[in-house]
Amino acid sequence: METSFTEMDSIFNRTKNALVEFMGILTPIIENAQDDHERLFWHHIYEEEEHRSDRLDILMPKIQAVRKNGADLSNNQPEFVHLLQDISLEKFGLHNFLEHLDLFLFQFKDTELEGKIQGLRNFTYEDYQQMKVILEKLNQEFQGGTEFKTSIPTDEKEGNGSNVKIEAYSQHHSHEPAHSKQSFRKTLTVGSLKQK
């Protein structure tokens, strides 16, 4: 388990830096938007990432404390269950960040911003894949395989029809980003937040 928390610490530090960089790129786009629709679209993405940054500011010290103090935790301790819920939410946050980067790449394809965002997207994709493995391992170890439904993206939920899923984000997806696919369907969803 210690390895899992070390890996998560690295992932969340990387993603925190990436989302701060992404928000910095979005700021002038919002300020110079051509109309209210464009301003609202990018503002909504900015706001989601800002909220995620705030959640990471709270979560990262908790992960570092587990790393420092060891993992003397059991599934009966409410604070550890809450920590697992927070981690699960941030796995979902990585999924949303990946979608936000792909939306950006759709809009700014073949611009000077594409290379920088593609780099963020590439390591975010890898981090998201790793977080799915880590969280599955933690769920198996501490919850007997029960996964928090609020942390499963629409594209990965069993029972959801393919009409609301984006293939690039589904369980059996390719590494190819959604913005580069020819047959992209405009049926994106906004994820749910953690239930208290």
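Mentor: Let's start with a term: a nonpolar core is a set of buried Ala, Val, Leu, Ile, Met, Phe, Trp, Tyr and Cys residues joined through side-chain atoms within 4.5 Å. Buried means under 20% relative accessible area, exposed means over 50%, and partly exposed lies in between, with a 1.4 Å probe and protein chains only. This is a predicted model, so local features need pLDDT of at least 70 and side-chain atom pairs count only at pLDDT 80 or more, while totals for chains, interfaces and linings use all residues. Residues are numbered from 1 along each chain as its sequence is written, and side-chain values use heavy atoms, with hydrogens and water left out.

Trainee: Which residues touch the most other members of the largest nonpolar core?

Mentor: That core has 39 residues, and the ones touching the most other members are Phe5, Met8, Phe12, Phe22, Ile87 and Phe104. H1, helix H2 (36-69), H3 and H4 each supply at least two residues of the core. H1 gives the most, with 12 residues.

Trainee: What makes something a helix here?

Mentor: Helices are DSSP runs of H or I with at least four residues, strands are runs of E with at least two, and numbering starts at the N terminus. On that basis the protein has four helices and zero strands, in the order α-α-α-α from the N terminus.

Trainee: Why is the pair of Phe5 and Phe80 called tilted?

Mentor: Their ring centres are 6.5 Å apart and their planes at 35 degrees.

Trainee: What makes the pair of Phe104 and Phe108 stacked?

Mentor: The centres are 4.4 Å apart and the planes at 25 degrees, which is under 30, so this pair is stacked. Phe104 and Phe108 also belong to a cluster linked by ring pairs, together with Phe22, Phe41, Trp42 and Phe97.

Trainee: Phe108 lies in the loop between H3 and H4. Why is Phe108 still called buried?

Mentor: Phe108 has a relative accessible area of 15%, which is under 20%, so Phe108 counts as buried. Leaving out residues up to four places away in sequence, Phe108 touches Ile29, Trp42, Leu113 and Glu114.

Trainee: What about Asp110, why is that one called exposed?

Mentor: Asp110 is in the loop between H3 and helix H4 (114-143). Its relative accessible area is 67%, over the 50% limit, so Asp110 is exposed. Asp110 also has a positive phi of about 60 degrees without being a glycine. Most residues other than glycine have a negative phi.

Trainee: And how do you know that Asp102 is buried?

Mentor: Asp102, in helix H3, has 0% relative accessibility, which is under 20%, so buried it is. The side chains of Asp102 and Arg121 are joined by a polar contact of 2.8 Å.

Trainee: Why is Glu47 called partly exposed?

Mentor: Glu47 lies in helix H2. Its 32% relative accessibility falls between 20% and 50%, so Glu47 is partly exposed.

Trainee: Finally, what is the average pLDDT of the protein?

Mentor: pLDDT is the predictor's confidence in each residue, from 0 to 100. The protein averages 81, with 68% of the residues scoring at least 70. Over residues 182-196 the pLDDT is below 50.

Methods
Phe/Tyr/Trp six-rings, centres within 6.5 Å; stacked < 30°, edge-to-face > 60°. Polar contact = N/O pair within 3.5 Å; in protein donor to acceptor, adjacent residues only side chain to side chain. Contact = heavy atoms within 4.5 Å.
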